[in-house]
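Please keep the sequence and the structure in view while reading.

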Amino acid sequence: MSKLYFLFILLALSLSQVCFAQTKGDSLRQIWENETLADTSRYKAISNYYQTNSFSQPDSVLPIIEYHYKLAESKNSVREIIRALREKAKILYIKGKPDESMLVLKQESGFRYKLL
């Protein structure tokens with residue numbers, strides 16, 4: 001009986017962590033998709049999403065990187081384009097694709113010259 005109770009508690013705690021993580025990701029998504037907010041707030045929400053999910057769920061980060069890149073491109077924000085490309089290179093490296101990661105870093109270095 002006590003083993004069953006322990007398993008129930010463990011399961012309940014695990015589910016609460018999953019629900020919290022999904023809720024946090026959804027609330028960050030609401031921020032970065034809200035076009036009425038300042039761009040800095042939107043970029044900060046994307047950055048927070050990266051920090052939370054890059055190592056634990058790299059596949060879920062890739063579409064957000066594309067969104068980040070397109071948003072930065074539409075706003076002509078070279079700094080944010082660079083951040084999106086760096087994050088993409090990191091994710092590709094994590095996923096075991098170092099050659100693709102290096103190509104993205106070369107692309108990123110081309111944008112760094114625009115900042116000078």
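## The crossing of α3 and α4

In this predicted model, α3 and α4 cross in a left-handed manner, a crossing being left-handed if the near helix is turned anticlockwise from the far one by less than a right angle and right-handed if clockwise. The two axes come within 9 Å and cross at roughly 160°; axes here are lines fitted to C-alpha atoms, for helices over the stretch in contact, and angles run from 0 to 180 degrees between N-to-C directions. α3 and α4 are therefore roughly antiparallel to each other, since angles over 145 degrees count as roughly antiparallel, under 35 as roughly parallel, 65 to 115 as roughly perpendicular and the rest as oblique.

On the α3 side, the contact (heavy atoms within 4.5 Å) is made by P58, V61, L62, I65, E66, H68, Y69, A72 and E73, and on the α4 side by E80, I81, R83, A84, L85, E87, K88, I91 and I94. By class, this contact of α3 with α4 has 11 nonpolar, one polar and six charged residues. In that scheme Ala, Val, Leu, Ile, Met, Phe, Trp, Tyr, Cys and Pro count as nonpolar, Asp, Glu, Lys and Arg as charged, and the others, Gly among them, as polar.

## Basis of the values

Residues are numbered from 1 along each chain as its sequence is written, and side-chain values use heavy atoms, with hydrogens and water left out. Because the model is predicted, local features need pLDDT of at least 70 and side-chain atom pairs count only at pLDDT 80 or more, whereas totals for chains, interfaces and linings use all residues.

## Overall composition

The protein has five helices and zero strands; helices (H or I, at least four residues) and strands (E, at least two) are DSSP runs, numbered from the N terminus. Of its 116 residues, 28% count as buried, where buried means under 20% relative accessible area, exposed over 50% and partly exposed in between (1.4 Å probe, protein chains only). Among contacts between residues at least 6 apart in sequence, 47% join residues at least 24 apart.

α3 has 17 residues and reaches 25 Å from its first C-alpha to its last, close to the 24 Å expected at 1.5 Å a residue. The expected span is 1.5 Å times one less than the number of residues. The buried residues of α3 include P58, V61, I64 and I65. P63 also belongs to helix α3, but P63 is partly exposed, with a relative accessible area of 49%. P63 and K88 are 25 residues apart in sequence, and their C-alpha atoms are 9.9 Å apart in space.

N76 lies in the loop between α3 and α4. N76 has a positive phi of about 55° although it is not a glycine. Most residues other than glycine have a negative phi. At 68% relative accessibility, N76 counts as exposed.

## Helix α4 and its buried residues

The 17 residues of α4 (residues 78-94) should span 24 Å at 1.5 Å a residue, and the end C-alpha atoms of α4 are 24 Å apart, which agrees. Its buried residues are E80, I81, I82, A84, L85, E87, A89, I91 and L92. The elements that cover them include α2 (39-53), α3 (58-74) and α5 (98-115). Just after α4, G96 takes a positive phi of about 85°.

Leaving aside neighbours within four places in sequence, E87 is in contact with Y50, S54, V61 and I65.

## The neighbouring helix pairs

α2 and α3 pack at an angle of about 160°, with their axes 10 Å apart, and are therefore roughly antiparallel to each other. Their crossing is left-handed. By class, the contact of α2 with α3 has 11 nonpolar, three polar and one charged residues.

The axes of α4 and α5 come within 8 Å and cross at roughly 165°. That makes α4 roughly antiparallel to α5, and α4 passes α5 in a left-handed crossing. Residues of α4 including I81, L85 and A89 meet residues of α5, among them V104, L105 and F111. By class, the contact of α4 with α5 has 12 nonpolar, two polar and seven charged residues.
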